[in-house]
Amino acid sequence: MSEQSAQSAGAGQPVPAEYRIEDLAHHSGATVRTIRAYQDRGLLPRPERRGRSNVYRDTHLARLRQIADLLDRGYTLASIKELLEAWDAGRGLGGVLGLVAEVDGPWTDEEADRISREDLDATFGGRPDEDAVREAIELGVLERIPGREDEFLVPSPQELAVAAELYEAGVPLSAIAGHLRELRVQVEHIASRFLEFTTEHVFARYLEHRPPTDADAAAAATMVRRLRPLAQQTVDAELARAMRMFATRHLQHHLSPHPPPVREEEPRQVALPSGTIRAVQNLVGPESVAAFIAAAAEREVQSRTLDALASNGTKDTTLGQVI
């Protein structure tokens, strides 16, 4: 701190503390680089320019401590910026904090677990597989624990257990990872559509103000709490329905006395309009274009197959008798 708060000689009033950026970093615990990054992102007000020097005050120190506290509570920098804008606009933060906490909180009752490297290797074949571990970390199935080379954090024990069951059933780890990548593209699309749907029909009235009022934010947080389970419940029900229909179709296919038609294994290139490619890129990002288009095409094929099966009542009745 370059100048401590002190009594001015004449007026007897406290002199506001002033800091150089190095002093501010020392007292806040943030680095100089972090302080400048917060300024660039609009999280921290610009300092007062005095000659060739920048002067920071207690308001900057308080804001840095506020940001650090919110980061410790799990908020993202984007969420913190919205909260601070609400604060600066004179709105209460109680409802806004509750809304952000409700959205940023866990969307599942599942609790993270840990697994030792020894147990991990034993679960998947008994031999170390560095490539598989790296891919699992990249996918977020495993997370490294600082200072612990022999142990991993498992954000979703259920997901790891599914991978273990598939591996035990004979599915290669590379195929499991590829399946998870494909599944995520489709699930993220479902989540995005559910969010758009609920925002349009439910949350738009709470979020018409930017930032929302304290009362609206509190009401929206209550609504998030009510609607939170609906997405998973809907997906669970629809997945069960689809699995039953497709399992029936596959069983019918394998019970048929006629050999299955020869499938073309070689991939074929299909030209798509550039406008379609741009639209998909805007929706899912350039890295997911191919997977999204493949998943969309597969869904269309499956939908038409199901329509054809539904219109063929005789075959379905015969299959039901066989089963």
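1. The model is predicted: local features need pLDDT of at least 70, side-chain atom pairs count only at pLDDT 80 or more, and totals for chains, interfaces and linings use all residues. Residues are numbered from 1 along each chain as its sequence is written, and side-chain values use heavy atoms, with hydrogens and water left out.

2. A salt bridge is taken as a side-chain nitrogen of Lys or Arg within 4 Å of a carboxyl oxygen of Asp or Glu. By this rule the structure has 17 salt bridges.

3. One of them joins R57 to E18, with an N to O distance of 3.3 Å. This pair links distant parts of the chain, 39 residues apart: R57 lies in strand β3 (residues 53–57) and E18 in strand β1 (residues 18–19). Helices (H or I, at least four residues) and strands (E, at least two) are DSSP runs, numbered from the N terminus.

4. Is E18 buried or exposed? E18 counts as buried because its relative accessibility is 11%, the class being under 20% relative accessible area, with exposed over 50% and partly exposed in between (1.4 Å probe, protein chains only).

5. R50 is partly exposed at 38%, and E48 is partly exposed at 35%.

6. Between R184 and E159, the closest N and O atoms of the salt bridge are 3.9 Å apart. R184 belongs to helix α9 (residues 173–201) and E159 to helix α8 (residues 157–168), 25 residues apart.
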